[in-house]
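Hi,

Here's the structure I promised to pass on. Have a look at it first, then read my notes below.

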Amino acid sequence: MGAGGDGSVREAQEAVTVGYHAPPPGSATGVADYAETLLAALQHLGPVKAGGRGDIDLYHLGNNRLHEEMYAQAMERPGVVVLHDTVLHHFFLGTRTHQQYIDEWIYNYGEWRRDLGEELWRESGRSSVDPRYFDFPMLRRIVERSRAVIVHNPGAAAMVREHGGTRIEIIPHFVVPAERPDTATTETFRQRLGIEPGARLFGIFGYLREPKRVMTCLSAFRELYSARPDTALLLAGEPVSRDLARLLDQEPPHAAIKRTGHLSEEDLMIAAGAVDACLNLRYPAAGETSGIAVRLMGMGKPVVVSDIAENAAFPETAVLRVRPGVAERGELFDHMVLLAAFPQTGRDIGEQARMWIERHHSLQAVAQRYWDVLCGSA
């Protein structure tokens with residue numbers, strides 16, 4: 001009876017077709033890379049049509065205009081939405097007229113808060129750094145419309161719940177195990193950058209935005225270097241904000257601060273293997289789980305993260321946490337000193353991280369969770 005029941009469930013799942021909607025591969029968002037990998041994994045579980053319609057549709061949404069088409073489709077034909085960023089405020093600022101934005105604001109927070117919405121519209125030039133834009137995720141319409149909402153962490157789930165979400169699924173951000181580059185390859189990479197032999201190398205990876213606290217990291221590193229010249233910092237990524245790009249260009253040259261710009265997937269893995277630790281702060285946060293953070297953790301690298309709800313699921317022994325606000329720079333500096341002075345401590349943290357990721361973030365397990373949610377929503 002039990003086997004027959006399992007067979008019936010399996011046959012029902014195999015009969016479901018899934019429409020799959022995401023930014024095209026190569027788009028300037030980590031969501032595109034995530035969606036491309038997940039698509040291949042889901043296609044091993046059943047029929048999935050990229051860009052087409054199915055018995056149930058899956059929509060990948062993020063907080064920029066690259067997701068405008070997916071948002072419109074999800075509103076027109078409700079399905080399952082995965083919110084990679086659980087704050088959509090900036091999405092509406094970038095894709096709506098003044099009146100459309102205000103209408104969306106009122107739908108979420110009521111007429112009595114219209115004045116605040118008008119103020120946020122007028123001051124939208126500050127939206128990348130002003131915490132108020134992150135305090136109002138503007139999720140209600142898409143949450144109410146969708147059959148289910150998938151998020152990657154408890155902090156994101158809380159935001160969805162506050163905006164009327166009733167069916168919320170927390171599915172961890174997957175990690176695809178990658179073969180670590182050998183020592184000769186990483187040493188060649190470090191030499192090419194001009195990293196001194198034996199230097200403790202910190203890395204910041206991915207698309208560079210103000211919430212990644214890049215300027216704070218640079219400031220803390222300069223202080224670290226003055227005390228420990230056996231350290232270096234790598235910025236591997238392109239700024240996506242003109243303001244941040246200008247600030248970085250104005251930074252005085254520093255022999256131990258290296259920039260590579262955008263890296264190919266192969267070179268990214270080499271760079272990740274070459275660093276001794278990763279700096280991955282996020283504040284204000286948009287409900288996202290950093291794909292870079294979990295990948296580096298999966299490689300056994302110690303990662304410094306912001307002490308926010310989005311990172312709450314990581315064990316205390318698997319990451320180093322920095323509180324946002326006045327304590328941020330000082331705590332970041334202290335952690336960098338610790339990692340530079342005691343390499344074995346960093347290796348121990350990295351090993352705890354690797355074991356955690358291996359247990360909880362495998363692609364196969366994540367894909368099966370997605371498939372179960374999709375079939376249950378069809």
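This is a predicted model: local features need pLDDT of at least 70, side-chain atom pairs count only at pLDDT 80 or more; totals for chains, interfaces and linings use all residues.

Residues are numbered from 1 along each chain as its sequence is written, and side-chain values use heavy atoms, with hydrogens and water left out.

Start with strand β10, residues 277–280 (strands are DSSP runs of E, at least two residues, and helices are runs of H or I, at least four, numbered from the N terminus). Ala277 and Leu279 point one way and Cys278 and Asn280 the other, and all are buried (under 20% relative accessible area with a 1.4 Å probe, protein chains only). In a regular strand, side chains alternate between the two faces of the sheet.

β10 runs parallel to β7 (residues 200–205), joined by 2 bridges (strands pair if DSSP finds at least two). Gly203 sits opposite Cys278. With β11 (residues 303–306), β10 is again parallel, through 3 bridges, and Asn280 has Val305 as its bridge partner there.

Now the second largest pocket, about 270 Å³ in volume (the space filled by probe spheres set on grid points joined across faces, edges and corners). A pocket is an open set of points on a 1 Å grid over the protein atoms alone, where a 1.4 Å probe fits, with protein on both sides within 12 Å along at least five of seven lines; lining residues have an atom within 4 Å of a point. It has 15 lining residues, and Gly298 is among the closest to its centre. Helix α16 gives the most to the lining, 3 residues.

Cheers

Conventions:
Buried means under 20% relative accessible area, exposed over 50%, partly exposed in between (1.4 Å probe, protein chains only).
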